[in-house]
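Welcome, and do keep the viewer open while you read.

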Amino acid sequence: MSRASIEELAKLAAQGSHRAKVIAVASSKGGVGKTNISANLAICLAAAGKRVALLDADFGLANLDIVLGVTSKYNLSHFIKGGRSLEEICQPACDRVDVICGLCGLEGLANMSDFARERVVKSLELLSDNYDVVVVDTSAGIGKNVLAFCMAADHTVLVSTTEPTSITDVYTLLKVLTKKNYDGRLRLLVNMAQNINEGKKVYRQISMAAA
Ligand SMILES: Nc1ncnc2c1ncn2[C@@H]1O[C@H](COP(=O)(O)OP(=O)(O)O)[C@@H](O)[C@H]1O
Ligand SMILES: [Mg+2]
């Protein structure tokens with residue numbers, strides 16, 4: 001695992017490849033900035049000339065549309081129940097960035113069966129033709145939904161703040177992914193640090209615990 005800034009992640013994902021790179025943004029803990037980082041990462045990649053799809057995979061508490069200021073015509077329910085493809089439910093958010101809006105509240109919890117989740121994960125690949133990068137904003141926790149999207153991603157960005165509870169939660173997610181033999185690249189992004197040293201300190205704490 002290594003440290004990363006949004007700009008570094010954007011560069012990494014932009015390195016030439018014919019298949020869209022999938023980047024999952026995860027943290028175990030809520031409120032650490034996953035959604036804002038997903039949106040900003042997508043915008044940085046678009047500014048670097050990449051075509052980006054943003055998937056709101058926070059089933060139950062989906063809010064990427066609000067962060068992006070998008071009024072959603074479609075959401076994942078049109079894919080899960082409505083027979084539309086993920087491409088068809090992608091909506092423009094800003095220049096070169098399209099968003100796939102998630103499911104809110106009970107609708108999300110009721111519809112995200114194992115089967116539906118697997119369909120969404122498998123369909124990520126089908127976005128490859130139209131996009132260079134797919135950024136997946138995941139939910140809090142280490143449940144099946146989060147793990148399935150991280151395991152399917154080429155890169156997982158683990159987001160932590162400097163709070164001890166956030167650090168331990170990220171460490172737990174790191175351990176679970178390692179145990180599952182995750183073969184993608186893991187990056188740590190320390191959000192809301194006061195300065196670079198605070199960020200480096202969190203990185204050291206997690207890498208020492210993981211050693
Ligand atoms: N770098 C940052 N600086 C200041 N506020 C931030 C930063 N990152 C996130 N926030 C704020 O923290 C809150 C939680 O962010 P959000 O992206 O919704 O987190 P998550 O998706 O992990 O639950 C929001 O109010 C957001 O505006
Ligand atoms: Mg969120």
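The report below starts with the ligand and then turns to the strand.

Please bear in mind that this is a predicted model.

**Around the ligand**

The shell around ligand 1 is made up of Gly 30, Gly 31, Val 32, Gly 33, Lys 34, Thr 35, Asn 36, Asn 191 and Met 192. Sorted by class, that shell holds 2 nonpolar, 6 polar and 1 charged residues.

| Residue | Protein atom | Atom of ligand 1 | Distance |
|---|---|---|---|
| Gly 31 | polar backbone atom | oxygen | 2.8 Å |
| Thr 35 | polar side-chain atom | oxygen | 2.8 Å |
| Asn 191 | side-chain N or O atom | nitrogen | 2.9 Å |

On its own, ligand 1 exposes 560 Å², and the protein buries 55% of that area.

Now move to strand S7, which spans residues 155-160 and has 6 of its 6 residues buried. In a regular strand, side chains alternate between the two faces of the sheet. Are the faces of S7 covered or open? Both are covered: His 155, Val 157 and Val 159 are buried on one side, and Thr 156, Leu 158 and Ser 160 are buried on the other.

S7 has parallel pairings with two strands. Strand S2 (residues 21-26) runs parallel to S7 and is joined to S7 by 4 bridges, with Ala 24 opposite Thr 156. Strand S8 (residues 185-190) also pairs with S7 in the parallel sense, over 6 bridges; here Ser 160 faces Val 190. Together with helix H9 (residues 164-179), S7 and S8 form a right-handed β-α-β unit.

Methods:
Residues numbered from 1 in each chain as written. Chains lettered and ligands numbered in written order. Predicted model: local features only at pLDDT ≥ 70, side-chain atom pairs only at ≥ 80, totals over all residues. Heavy atoms only, no water. Near = heavy atom within 4 Å. Polar contact = N/O pair within 3.5 Å; in protein donor to acceptor, adjacent residues only side chain to side chain. Areas by Shrake-Rupley, 256 points an atom, 1.4 Å probe, with all protein chains shown as cover. Nonpolar A, V, L, I, M, F, W, Y, C, P; charged D, E, K, R; others polar. Buried < 20%, exposed > 50% of the residue type's maximum accessible area, 1.4 Å probe, protein only. Pairing = 2+ DSSP bridges. Right-handed = clockwise from strand over helix to strand, strands pointing away.
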